[in-house]
Amino acid sequence: MALVRHRRHPNLRLPLLESSERRPRFPLPLPPTATKPSAATGCADAISAGDLEKLAVLGHGNGGTVYKVRHKVTSAIYALKVIHSVTDSTTRRRALSESTILSRAADCPHVVRYHGSFEKPSGDVEILMEYVDGGSLETALKKDGTFSEERLAAVARDVLNGLAYLHARKIAHRDIKPANILVNTEGEVKIADFGVSKLLCRTLESCNSYVGTCAYMSPERFDPDAYGGNYNGFAADIWSLGLTLFELFVGHFPFLQAGQRPDWSTLICAVCFGDAPSLPETASPEFRSFVQCCLKKESGERWTAAQLLTHPFVCKAPNPC
């Protein structure tokens with residue numbers, strides 16, 4: 001005769017932790033602060049938070065404020081991103097991730113240079129970066145109007161060099177847009193704002209979270225189920241670059257009419273169910289082809305950053321490849 005064992009506590013349930021209890025009981029470490037500033041500063045001493053004087057606010061975004069700051073000892077100018085009151089684990093992890101990614105890309109001339117991180121007693125985390133004196137492409141578009149193809153080819157080449165560098169190191173930016181591409185007065189283009197970027201430690205690791213600016217999100221990011229449930233962060237960066245160049249050429253966001261504000265439902269319908277936007281007839285065949293290679297609905301059909309660097313449109317930029 002089989003022995004039947006009855007559960008002693010049939011209604012036993014383990015309680016879920018409150019959000020405050022799920023937070024780590026210890027601070028997450030930041031990457032080591034830079035021990036030497038850039039050679040351009042002319043100073044061999046380490047940069048400390050107390051040596052920085054805030055001069056102006058450069059912008060806001062992703063839970064932080066970016067300041068123009070001056071190093072009191074050398075008078076060198078930097079950008080300082082302050083991520084405010086890092087008291088929850090999610091925000092703290094993002095601050096840690098941004099510092100880590102910037103430090104790994106410190107040798108790339110097309111990514112804003114990282115100089116160190118500081119943790120304040122208030123809980124704020126500060127990230128010290130190079131100051132790019134020409135502002136963003138979004139600001140340039142508003143101030144000077146649309147971009148010529150020659151200028152766009154140079155922008156595309158520099159951004160693609162930056163993306164190729166990042167993607168080769170398994171880093172997906174996830175928020176490429178005009179506001180996050182900076183240019184200095186010498187015309188050098190640099191990718192900025194890594195607040196929602198992700199380091200893909202495993203080749204097939206996906207990043208399905210809805211982060212970044214929704215207007216520049218790829219179709220598979222809006223509706224992953226319709227595209228096989230896979231989201232390739234590298235291919236999504238290429239989609240965002242295609243929309244960025246399109247916008248800089250026509251002066252408004254490609255999927256909407258000039259002056260129309262994007263909302264979630266409008267964007268889903270346009271990006272997922274509409275046809276890819278077409279450049280005006282004034283665009284050259286090379287530029288049309290380049291944008292088409294970026295805006296393929298199927299992510300696997302988009303060209304990679306390395307492939308796009310060989311495209312005829314990019315190769316006609318100043319200092320051609």
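**Close-up views of a predicted model**

**View 1. K177 sits in the loop between β6 and β7.** This is a predicted model, in which local features need pLDDT of at least 70 and side-chain atom pairs count only at pLDDT 80 or more, while totals for chains, interfaces and linings use all residues. Numbering starts from 1 along each chain as its sequence is written, and side-chain values use heavy atoms, with hydrogens and water left out. Strands (E, at least two residues) and helices (H or I, at least four) are DSSP runs, numbered from the N terminus. K177 counts as buried because its relative accessibility is 17%; buried means under 20% relative accessible area, exposed over 50%, and partly exposed in between (1.4 Å probe, protein chains only). K177 and Y216 are 39 residues apart along the chain, yet their C-alpha atoms are separated by 6.9 Å.

**View 2. N180 and R174 are also found in the loop between β6 and β7.** Here β6 covers 171-172 and β7 covers 181-183. N180 is buried at 5% relative accessible area, and its side chain reaches the backbone oxygen of D175 at 2.8 Å. R174 is buried too, at 8%, and has a positive phi near 75° despite not being a glycine. Most residues other than glycine have a negative phi.

**View 3. S75 has a positive phi without being a glycine.** Its phi is about 65°, and the residue lies in the loop between β2 and β3. S75 counts as partly exposed because its relative accessibility is 44%.

**View 4. K81 is listed by UniProt as a "binding site".** That listing comes from an unreviewed entry; UniProt positions are given in the numbering used here, feature names are shortened, and annotations may be inferred rather than shown by experiment. K81 belongs to strand β3 (residues 77-83) and is buried, with a relative accessible area of 4%. Its side chain makes a polar contact of 3.1 Å with that of E98. A polar contact is a pair of N or O atoms within 3.5 Å; within protein, one must be able to donate a hydrogen and the other to accept it, and residues adjacent in sequence count only if both atoms are side-chain atoms.

**View 5. The largest pocket has a volume of about 650 Å³.** Its lining has 26 residues, and the closest to its centre are L58, G59, V66, A179 and L182. A pocket is an open set of points on a 1 Å grid over the protein atoms alone, where a 1.4 Å probe fits, with protein on both sides within 12 Å along at least five of seven lines; lining residues have an atom within 4 Å of a point. Grid points are joined across faces, edges and corners, and the volume is the space filled by probe spheres set on them. At least two lining residues come from each of β1 (52-61), β2 (64-71), β3, β5 (125-130) and α3 (137-144), with β1 giving the largest share, four residues. By type, the lining splits into ten nonpolar, nine polar and seven charged residues; Ala, Val, Leu, Ile, Met, Phe, Trp, Tyr, Cys and Pro count as nonpolar, Asp, Glu, Lys and Arg as charged, and the others, Gly among them, as polar.

**View 6. There are zero disulfides here.** A disulfide is a pair of cysteine sulfur atoms within 2.5 Å. The closest cysteine sulfur to that of C294 is in C293, 6.9 Å away, so the two are too far apart for a bond. C294 is buried at 0% relative accessible area, and C108 is buried at 3%.
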